[in-house]
Amino acid sequence: MHGGGGGGGGGGGPMRSLVHGTDEKPKITRSLLKRVFAYAWPYRGHLAILLFLILVMTGLNLVNPLIMRTLIDRAIPEKNLTLLLWLSIGLLVVPTISALLHVMQRRINATVGEGVIFDLRVALYDRLQHMSLRFFTNTRVGELMSRMNNDVIGAQTAVSSTVVSAITHFVQAVAVLVVMFSLEWRLTLISLVIMPLFILATRKLGLKLRVIAQKQMSANAQMNAMMGETLNIGGALLVKLFGQKKQEVDRFSSRARDVRQLGVDRAFTGSQFIAIVGLISAVGTSLVSGLGGYFVIQNAFTIGTIVAFGTYLSSLYSALQGLSSAPVEFSTSVVSFERVFEVLDLSLDIDEKPQAVVLNDVKGDIVFEDISFQYEKGDERFLSDVHRYGSIDSVTAVLSGKEDVHDDEEEETHSQARSYALSDVNFHVFPGQLVALVGPSGAGKTTLTYLLPRLYDPTRGRILIDGHDLRDVSLDSIAAQIGMVTQEATLFHDTIRTNLLYAKSSATQSELEEACRAANIHDFIHDLPDGYDTVVGERGYRLSGGEKQRIALARVILKDPRILVLDEATSSLDSESEALIQEALKRVMRGRTSIVIAHRLSTILAADMILVVDRGQIAERGTHKELLALGGLYANLYHTQFKKTEKAE
Ligand code: ADP
């Protein structure tokens, strides 16, 4: 929907009643208005010109009926051809100038409107880029899209259209009334008799329209959220695998049905509104023409006056109509502003200190000091709609996939369920060392690796890199020093070259090739139809898992970080690409501090230290030999799990 928040059609009465009414959203406060006003302020020059044009155009629009009146009352009866000629020219010139000014006005209006959209969008996008992983795991893409599109467009109408049209209509109404009174005050009073009816009707229907517009906004957001979830590769795959096509179509059509119904309701109420306003205006026009005609017959005033009056009357009524719907439209757009502000006001849970240290040359010394970590903070302040949509369908839980931690490893261990994902984790990795993390699924290995690049902050304790608390270091320098390769590598929908350059934009072709050779992927890329210019599908889906991971490795090699965090491939890969990856990994890890979630025997054998994670704690630590001799959890894992991988290596 275009202008999600914009354009309730009509309404009236004081803003107060509109804002309370049926609305569950926060009130329109002075500080909110001030903030909205701040977005208009950069365009004050444009808005001033706009105001000036409006005044001139309103003045011009008053001229034509007067020309008409002179033409009828003087030029024709007096048979004055010169006057007739001049008046006819006037009837052409005035609308021409008016049209030109109108074009200018529209242009300036669009400049302001699009400018506000731009400002809001960029501010939103910037804010979202600073949000933590926690935010993204708790927010649906569809919801964010809806804020970035519908609400931003809805919000700008407050600045560029609603206020401008309210001023236009106000100026028009006052000017027309002044002229009307000066022409014939009695007729003017008669034409105002219908005012109370007018206000009553616009207010009632305007409120109704506003409620519909809001429902429409949320119905659209729900439909979008559902599309976002099921029309991407992951969702589509799930739908197919579970044979849920029909159910999804049903679910979608129920959302789309709401959108359809509300669209019809809105059109119907809108047309009712127009019909009623037209009817009331007709009452006015009929009264004025009847009585006016009577007075002409009585020779009280001229035909020209009645004709001119008719024209003024319709512009008076259209101005009043516009004016009465302005508060509704304005408050609707302010609600959109509010939804945009809600995103802009999200607190940054991973933030940089003002005097954050920039780490340039890192040795790669890592200390985890009494680290405990809990995913649920309890004080999350995410977008208001997230939970509402989040609870709707069971597919959400399935898609988020976190429930799905059962695999064969689980059989030989106890449940990993607990409130703290990590508790009291302590270890020290010296520069250049390789640390292997092993442990049952759900033990907290991934979580542990997420803390290092500060994707999450520990709930208690601190993490030091070369003696600096991560929280004191600039986020960019953490990103620059740590390279992370996850199991499910993400590639942008773009060429392989662009994906690689993401790590180092200045890399030359030979650097790219060198990195790809080191990652054992160069030959593969070379044989592709477009070589390095081959576009990889959304999320790199046209590549196999192993190929994607090797491209991701090449990307990290180009970045050349001091610290490497790896989630080693599980046995889901075929042994050939497995071997290629293992070989590449060895090369990549050389000379860097590496923390690896290990699934291969060769990795744990090469590790300087193995940390056995269980239920969020480090249960055992040492080298392969030491741990085997201990005969505990590690020995158990070794016999049931790692030994199996021996043959493949
Ligand atoms: P591992 O990598 O060892 O399999 P994880 O670190 O992925 O284990 O998970 C550790 C625990 O944290 C699990 O119980 C898991 O359910 C939980 N967990 C993981 N991610 C989240 C999240 N985003 N929100 C809440 N809990 C999570």
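Visitor: Before we start, what counts as buried here?

Guide: Buried means under 20% relative accessible area. The model is a predicted one.

Visitor: Then take Q156. Buried or exposed?

Guide: Q156 has a relative accessible area of 10%, so it is buried.

Visitor: Where is Q156 found?

Guide: In helix 6, which covers residues 141-183.

Visitor: What does the side chain of Q156 reach?

Guide: The backbone oxygen of I153, at 3.3 Å.

Visitor: And which residues is Q156 in contact with, leaving aside neighbours within four places in sequence?

Guide: G113, V116, I117 and S161.

Visitor: Let's move to L71. Which helix is that in?

Guide: L71 sits in helix 3, residues 44-78. Its relative accessibility is 12%, so L71 counts as buried too.

Visitor: Which contacts does L71 make, again leaving aside neighbours within four places?

Guide: L71 touches I76, P77, L84, L87 and L91.

Visitor: How far is L71 from S88?

Guide: Their C-alpha atoms are separated by 8.5 Å. Along the chain, L71 and S88 are 17 residues apart.

Visitor: Zoom out. What does the whole chain look like in secondary structure?

Guide: The chain has 24 helices and 10 strands. Of its 649 residues, 48% are buried.

Visitor: What about the accessible surface of the chain?

Guide: That comes to about 31,600 Å². Carbon and sulfur atoms account for 60% of that surface.

Visitor: How much of the contact set links residues 24 or more positions apart?

Guide: Among contacts with a separation of 6 or more, 83% are between residues 24 or more positions apart.

Visitor: Now the ligand. How many residues surround it, and which are the closest?

Guide: There are 12 residues around the ligand. The closest are G442, G444, K445, T446 and T447.

Visitor: How does that shell divide by residue type?

Guide: Into 4 nonpolar, 5 polar and 3 charged residues.

Visitor: Which backbone atoms lie by the ligand oxygens?

Guide: A backbone N or O atom of G442 is 2.7 Å from a ligand oxygen. For A443, a backbone N or O atom is 3.2 Å from an oxygen of the ligand.

Visitor: And what is 3.4 Å from a ligand nitrogen?

Guide: An N or O atom in the side chain of Y375. Taken alone, the ligand exposes 560 Å², and the protein buries 77% of that.

Visitor: How many bridges join strands 1 and 4?

Guide: Strand 1 (residues 366-373) and strand 4 (residues 460-465) pair over 5 bridges, in the antiparallel sense. E369 stands opposite R462 in strand 4.

Visitor: Last topic, backbone angles. What is phi for D560?

Guide: Near 55 degrees, a positive value in a residue other than glycine. D560 is in the loop between helix 20 (545-559) and strand 7 (563-567).

Visitor: And phi for R615?

Guide: Phi of R615 is near 50 degrees, positive in a residue other than glycine. R615 lies in the loop between strand 9 (609-614) and strand 10 (617-622). With 31% relative accessibility, R615 counts as partly exposed.

Methods:
Residues are numbered from 1 along each chain as its sequence is written. This is a predicted model: local features need pLDDT of at least 70, side-chain atom pairs count only at pLDDT 80 or more; totals for chains, interfaces and linings use all residues. Side-chain values use heavy atoms; hydrogens and water are left out. A residue is near a molecule or strand if one of its heavy atoms lies within 4 Å of it. A polar contact is a pair of N or O atoms within 3.5 Å; within protein, one must be able to donate a hydrogen and the other to accept it, and residues adjacent in sequence count only if both atoms are side-chain atoms. Accessible areas come from the Shrake-Rupley method with a 1.4 Å probe; for residues, only the protein chains shown count as cover. Ala, Val, Leu, Ile, Met, Phe, Trp, Tyr, Cys and Pro count as nonpolar, Asp, Glu, Lys and Arg as charged, and the others, Gly among them, as polar. Two strands pair if DSSP finds at least two bridges between them. Helices (H or I, at least four residues) and strands (E, at least two) are DSSP runs, numbered from the N terminus. Buried means under 20% relative accessible area, exposed over 50%, partly exposed in between (1.4 Å probe, protein chains only). Contact means heavy atoms within 4.5 Å.
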